[in-house]
Amino acid sequence: MSVAAEQTGRRRRRLDPPGLVALVLGLVGIGYRLVLLLLTVPGSNSDEATFGLAAAHIATGQEWPIFLYGQHYMGVVESYLAAPLFAAFEPNWVLLRLPLLLLYAAFVYLMYRLTRRLYSPWLATLVVGFLALGSERVVRDQMTAVGGRPEVKPAVALLLLIALALGEHRISRRRWLSFGAFGLLTGLCVWDDWLILPYLAVAAIVLLVGCAREVFGWPGLLLIGGFVLGVLPLIVDNLTAPPGQDSLSVLSQVSAGEGGQTSAVDQLHGSVLVGIPLATGICLSTYCTGWQMAWGALYPVLLLTAAVLAVAGLRRPAPGQHGARSSPVGRRMRYVAQLALLAGAALTLAGYARSSLAASAPLASARYLSILQISLPAVLWPLWLAARQVVRKGPLLSDSVVQGALPHRRGVVVRAGGVVAGGVITALLATMVYTTVDLITEVPTIRAEERQSQQLATVLRQAGIRHVYADYWTCNRLIFNSRERVLCAVLGDSLRPGQDRYPAYPRQVNAADRPAFVFTLHEPANLAFRNLLRDRGVTARTIEFGEYRIYQPSATLRPLP
């Protein structure tokens, strides 16, 4: 990452070429997302608004939620991160997303460190380049407060680095602090998002392989103590939850009600051919082409190839070199960590492929695979090794991990394979540039819709309207945009009560005199409400604003039973 240089009798550290290029690429990625953050792109929604409302309640001491309102399985770490900013400034979307930008920067840095440690410096630079780009699907998972994914990814990268440092005995002083930190971070991840469990399991295995004796001693007690402290919010909630409302019961209900009967073929198609390209930024958010689906088919092949390389590395005799990096313990820990990255990806993909959502709604549910970014260096490694065979042996091939991974032959087959692998890497980068540019071209449309949503709150306040009924995707977004000056209760398409995440809001709306109704022009509820007015013989003042229709009935109307 850096090299030491003598200057005026003191040692200073400076970036080497891979580190310098990675720094530039990382800053480009951060700058790109900073601009999008300031523009509120991707657009906000009511799910994200719920995290924002929780952050506002935490900032004022009104609530101390453990899970997202209306759920018993999604932690609200993002709300707690935004709460100090909301306490200092007026809540808004920029402040809600600002901690996520910092989490993204931490993830890129940690992935660079992890990739460089496990593979090679220039592959680490390439990984940073991939992470700097971002399609709508990728940026939405990274930069919107929708729970779990933005924070657990850097957490897992850090856990693997801690496990490696402990296993290689590069941490000698106060090792107990590292064990405690590993346990605490793992517990927080378990509370926050259960999707990350496969990666937590493999990170724990890496720690166990490197520190088996210590884990069963005092450091192990600190590890357990840190874990219990991190997962304590989940434990408290589950001990006090009513029957059937504990996390396991709720998740079982959610899984059982995901969708209708689907075939294994459809689930594999949705998870592998659609989910993987979407989650890794190869597809647009609305569809995947045949070439982009080909990346999904290649992905498991690369996982298997990388696993074979890692197992071969474990079985290969240690090279006759000196230094921590080439020590037998260091080699073993690196290959074990490589296998952990591959196992985490395989388990995550297998778990998603079992879900009916992979077949019934692959475009919407591909977000569950966004954590595959953690395994990006492991998937690229076989392509990188093959592509490097085209290059003559030189400084870029001097890394001991590269040497021995593939035979140094320059035959026609090897060179042809290298050309193909290089072409795949180039095509992946070019496609990700295309999907990134596509998001940039959509910014004006997203901004127009976002402005209209924010102006809806202004129009309602200027009209003196404080209580409204609306659909789910309008309600909490409206409440957050109005800073809770306009309260909303959710209606379904049939004008019956919908999913209200925070019970206090519908209680106040239901108790209000003549609450208003807000619908978009083309939604079924708009037509149903007009029919209701006609059937009841009730007149209503109508305010037309963009796609919205605001109705103020002359008599009090309530949701249908």
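Modeller: Two strands count as paired if DSSP finds at least two bridges between them, and with that rule we can read the sheet of this predicted model.

Colleague: In what order do the strands of the open sheet lie, and which are the edge strands?

Modeller: Five strands form the open sheet, with mixed pairing, and their order is 4-3-5-7-6. The twist from one strand to the next averages 25°. Each edge strand pairs on one side only, and these are strand 4 (487-490) and strand 6 (540-545).

Colleague: Which strand runs parallel to strand 5, and which runs antiparallel to it?

Modeller: Strand 5 spans residues 516-520, and four of its five residues are buried. Two bridges join strand 3 (residues 467-470) to strand 5 in a parallel arrangement, with V468 opposite A516 and Y469 opposite F517. Four bridges join strand 5 to strand 7 (residues 548-553), where F519 stands opposite R549.

Colleague: Are helix 14 and helix 18 roughly parallel or roughly perpendicular to each other?

Modeller: Helix 14 (residues 290-315) and helix 18 (residues 376-388) pack with their axes 8 Å apart, at an angle of about 80°. Angles of 65 to 115 degrees count as roughly perpendicular, and therefore the two helices are roughly perpendicular.

Colleague: How many residues of that contact of helix 14 with helix 18 are nonpolar, polar and charged?

Modeller: Helix 14 contributes residues including W295, Y299 and T305, while those from helix 18 include W381 and P382. The residues of this contact divide into no charged, one polar and twelve nonpolar.

How values were computed:
Residues are numbered from 1 along each chain as its sequence is written. This is a predicted model: local features need pLDDT of at least 70, side-chain atom pairs count only at pLDDT 80 or more; totals for chains, interfaces and linings use all residues. Side-chain values use heavy atoms; hydrogens and water are left out. Buried means under 20% relative accessible area, exposed over 50%, partly exposed in between (1.4 Å probe, protein chains only). Axes are lines fitted to C-alpha atoms, for helices over the stretch in contact, and angles run from 0 to 180 degrees between N-to-C directions. Angles under 35 degrees count as roughly parallel, over 145 as roughly antiparallel, 65 to 115 as roughly perpendicular and the rest as oblique. Contact means heavy atoms within 4.5 Å. Ala, Val, Leu, Ile, Met, Phe, Trp, Tyr, Cys and Pro count as nonpolar, Asp, Glu, Lys and Arg as charged, and the others, Gly among them, as polar.
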